[in-house]
Amino acid sequence: MLVIDGDSFAHRAYHGLPKSIVRRGGKGAGALVGFANFLLRLYQAEHPRAVLVGWDTLTAPTYRHKRFPAYQSGRQFDDALLEQLDTLPELVTACGFANAKGPGYEADDFLAAAVASEERAGGTALVARRRS
């Protein structure tokens, strides 16, 4: 099973690719293009039986915010990135893969749950994430 931190790779693609990459209507596409390239390359290389992409929910606090009030305080995201983050789960679904996202949870929560479930079932999980 391949388990991917969607937000992590989308953020890296957004900041790493030129803002001149746009789609119809002049909307940004750097995060979409970079994430799609990563997702499909990794899928081709690993041939997993299943793919799950975990996403952060930016509009609802998590238990981390409650325990550590300064957790990720002051983080601001460009509107173009937020719009692409809203669109990316549709891309994942169009590829035939599963998304995990819910209020009060971050991608890490879904990654950990997927790995634990896969291991309980006797399988192996490959986790893909990027952190600075």
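This is a predicted model: local features need pLDDT of at least 70, side-chain atom pairs count only at pLDDT 80 or more; totals for chains, interfaces and linings use all residues.
Thr57 itself is found in the loop between strand 2 and helix 3. With a relative accessible area of 11%, Thr57 falls under the 20% cut-off and so counts as buried. One of its neighbours also comes up in a polar contact: the backbone oxygen of Gly102 lies 2.6 Å from a polar atom of the Thr57 side chain.

Strand 2 covers residues 51–54, and both of its faces are covered. Val51 and Val53 sit on one side, Leu52 and Gly54 on the other, and all of them are buried.

Strand 1, made up of residues 2–5, runs parallel to strand 2 and is joined to it by four bridges. Within this pairing, Leu2 stands opposite Val51. Strand 3 (residues 98–100) pairs with strand 2 as well, again in the parallel sense, over three bridges. Here Leu52 is the residue that stands opposite Ala98.

Aromatic rings are another thing to look for, as the structure holds four aromatic pairs. One of them is formed by Phe35 and Trp55, with 5.5 Å from centre to centre and 45 degrees between the planes, a tilted arrangement. This pair links distant parts of the chain: Phe35 belongs to helix 2 (residues 30–46), Trp55 to the loop between strand 2 and helix 3, and 20 residues separate them. Phe35 has 0% relative accessibility and therefore counts as buried; Trp55, at 1%, counts as buried too.

Tyr43 and Phe97 make up another pair, with ring centres 5.0 Å apart and planes at 45 degrees, so this one is tilted. It also links distant parts of the chain, since Tyr43 is in helix 2 while Phe97 is in the loop between helix 4 (79–94) and strand 3, 54 residues apart. Tyr43 counts as partly exposed because its relative accessibility is 32%, whereas Phe97, with a relative accessible area of 12%, is buried.

A ring turns up in one more setting, this time with a charge: Lys19 lies over the face of Tyr14, at 4.2 Å from the ring centre.

Notes:
Residues are numbered from 1 along each chain as its sequence is written. Side-chain values use heavy atoms; hydrogens and water are left out. Buried means under 20% relative accessible area, exposed over 50%, partly exposed in between (1.4 Å probe, protein chains only). Helices (H or I, at least four residues) and strands (E, at least two) are DSSP runs, numbered from the N terminus. Two strands pair if DSSP finds at least two bridges between them. Rings of Phe, Tyr and Trp (its six-membered ring) pair if their centres lie within 6.5 Å; planes under 30 degrees apart count as stacked, over 60 as edge-to-face and the rest as tilted. A charge sits over a ring if NZ of Lys or CZ of Arg is within 6 Å of the ring centre and within 35 degrees of the ring normal. A polar contact is a pair of N or O atoms within 3.5 Å; within protein, one must be able to donate a hydrogen and the other to accept it, and residues adjacent in sequence count only if both atoms are side-chain atoms.
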